Amino acid sequence: MLRYTLVRLLGAIPTLLLVIVLAFLMVHAAPGGPFDAERALPADIEANIARAYHLDEPLPQQFLRYLSGLLQGDLGPSYRYRDYTVNDLIGTAFPVSLKLGAMAMLLAVMVGVSAGSAAALRQGSYFDRTVMAFSMTGISIPVFVVAPLLVLLFAVKLQWLPAGWSSTTSASRIVLPVITLALPQIAYISRLTRASMIDVLGRDFIRTARAQGLGTMTVVRLHALRPAMLPVLSYMGPAIAAILTGSVVVEEIFGIPGLGQFFVRGALNRDYTLVLGIVVFYAALIVLLNLVVDILYGVIDPRVRRR
Amino acid sequence: MRAKVLLLLLAALAVAAVVTCWEVPRDEGPVLNRGLAAEPESLDPHKGRSSQAAEVQRDIGEGLVSYTEQGELVPGAAQRWEVSEEGTTYTFYLRPEARWSNGDPVLAEHFAFSLRRLVNPETASFYAQFLGDLVNATDIIEGKKSPQTLGVEAVDDLTLKLYLDRPTPYMLNLLTHPSTFPIHPGSFHEHGESFVRPGNLLSNGAYVLEKWVPGSNIAVRRNDSYWNNAETSIERVAYHVLVDAAAELNRYRAGELHITSDVPPDSFQAVKKQYPGELQVSPTLGVYYYGYNLTKPPFRNSPELRQALSMAIDRDMLAEKIIGRGEKPAYSWVPPGVANYEPTLMSFASLTQEERNTIARGLLAEAGYGPDKPLEIEIRYNTSDFHRRVAVAVQAMWRDALGVEATLVNEEFQVLLANVRAREITQVFRASWVGDYNDAHTFLSIMQSSGSSNMPAYSSSEFDSLVERAANQTDLDRRRLFLEEAERVLLADHAVIPLYFYVSKHLVSPEVSGWGDNVLDYHYSQHLSLSASE
């Protein structure tokens, strides 16, 4: 078991290293620099700043400097937000994005699966068709259209919810962002569940269960739900990716200090360290999660270990 | 079994998320909510750069000199000053009652310490050159001299002397800028670079930094030790970083903002109708222009061509119909309303557009272009719906009036800047300039051959010498003549095509009083008050 874990761990390191190198090269390849602006800096000041941030050193040297900082857990100072280090910014932004994403995912799964199953059970009815129509619009209408509409309705007209994150500290400020983020996923998941559930409900073992006298809800709960969920489970990967990218727009519109917003702003500002830091962070997270899953597989299924 | 565990985990996650999100809203009393168009890079006076950073810094600090809400210079941390006859020595007498937020008195040495830090190459300040006229400033920035040699002297606790290389008539205006604000040396030595963190940062201004959530908002509260604290009405101010103007408008409509930083262009007309008493539009010190790349053909050595293209643009229609947000068409380089200055207008300012087009066609032919040799050029602009709209209008005007075929190229802002600086592929490009202080010099000095913000690479020895002579002139009236003549030369050369002058647009809630329109668009929170609400 230990050897299995170690092998997996060692395999993760080159992956991470490759990501860092590629990200570093790409970030520096973009034209323009972190301190360019319309109000140009006089040459000597530009030189002072370049020196202070080691931008005047050759690229390999900058890379090694970055790498050695990385090994000590220091992601460097933000080039743009001069009062903060990248560690600071990621430290405050990640919990926010995580909370937002996790709640959106939860909402999407709960509502999506329920709606999809209910639609499958009433296949062909008005209910079914309404649910499917809603999900179609949820998929087609982009986030940056839905979000302002929701804000207009619930925050401006009805004044039930705050229009922005910083307007209040109460929990109500998370409602609109979570709903906005979850909507497209609810749409996908409900369609997926419905199709899968219809397929499962047509199978022989379901007919057997019915023949045994079990009620519909019991059949669904005990026998149909789990196999029907398999496609949804495999969709979780892309779903999480979609929520991560969708969160950028949501964060921008609601003014939420999350990782997505910092990532985009960092890219536009050529804030090398911030962008690199977030890329490395995400990469490390994904590698870690994969590692955990691999190890869990090894624990659950002994056959895997022998390979 | 596994599914049950998973479900339980998800449920726990949900509960945890909601619980951690829930904070009991504290009753903190009335807060002034202002919108900020961008996140400040830093609240360190020497590391800020954007106008948004300056906006916040103006509330949490104070310079020797300050402004009223109407834009008039008034004593700030200094209660009075004297200028020597040659104009090269300024003596400031500080207020004995001025205090930092921890109760320490504000001393002349604090200003001296601060200015030395500003020019110190290690600080890597963007505004190091701002007080470049101080003795030895340039040498220190270049690393040739120690910061201790800077032309500042704390004669005693409350007397500060500034020594200049040349008489700089707008010096007092410069001293209102946050880069000249003092920092507390004790705090700096104790905390090092983290002296700017909320909780550490001491303030000699009306407010103290309380909290900064990067990406979201900045909160400040009243500085009880401020010398003029009795006049400060509002207890707390929150700046909300809202990059998207449409989102900011929604917040205002929802009643969550008292002051917006801007109004989205597409909604301007609707907002004007819906909130007539709350929309504040006022001219500011900014010019939107198209620059020529003067180092390459076809615009190098071709003043007729440059003039023709400039004349063929109907600026009135552009400002009124295409833009339609209260901006003023620009027939000069320096905006109107600048102190002690009357902008020169372009020679064709009083003609009708028809007349201008006729003359332009003649000039185009003189330059050697016509139906058998059509002119094809590129207009570059940074990607934005608005800039595209302007470019499309200009493209159409040039085609209809002159038969010139212009291709539009849009680029990301940093890419455009890099291209303009490189001067290789650019021809006509969109640019803008916002003045740093209320004086014509801030607009004209950038067009000197040595100017680092000289985007068109304009190089005229006549212009350079006029600006130089103005800079050395103590007599304000003579100085003004030199500056106005310099502008005339710049416009006659048609180095640039000024299109319109910026206006500031804010939505100001009727709950706010004390708001004054001024050409610098400075609105100190300490001048405002909130009528009773909530």
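In this predicted model, 50 residues of chain B are in contact with 51 residues of chain A, where contact places the C-beta atoms of two residues, built from the backbone, within 7 Å. On the chain B side, α1 (2-21), β10 (236-241), α7 (245-253), α13 (413-422) and β15 (428-434) each give two or more residues; helices here are DSSP runs of H or I of at least four residues and strands are runs of E of at least two, numbered from the N terminus. The largest share, eight residues, belongs to α1(B).

Turning to chain A, its secondary structure comprises 12 helices and zero strands. The C-alpha trace spans about 85 × 60 × 30 Å along its principal axes. Of the 307 residues of chain A, 39% are buried, that is, with 20 or more other C-beta atoms, placed from the backbone, within 10 Å of their own. Among contacts in chain A between residues at least 6 apart in sequence, 72% join residues at least 24 apart.

One helix pair deserves a friendly look. In α6(A), A:V143, A:V146, A:A147, A:L150, A:V151 and A:F154 meet A:L176, A:I179, A:T180, A:L183 and A:P184 of α7(A).

As for conventions, residues are numbered from 1 along each chain as its sequence is written, while chains are lettered from A and ligands numbered from 1 in the order in which they are written. Because the model is predicted, local features need pLDDT of at least 70 and side-chain atom pairs count only at pLDDT 80 or more, whereas totals for chains, interfaces and linings use all residues.

Conventions
Buried ≥ 20, exposed ≤ 12 C-beta atoms within 10 Å, placed from the backbone.
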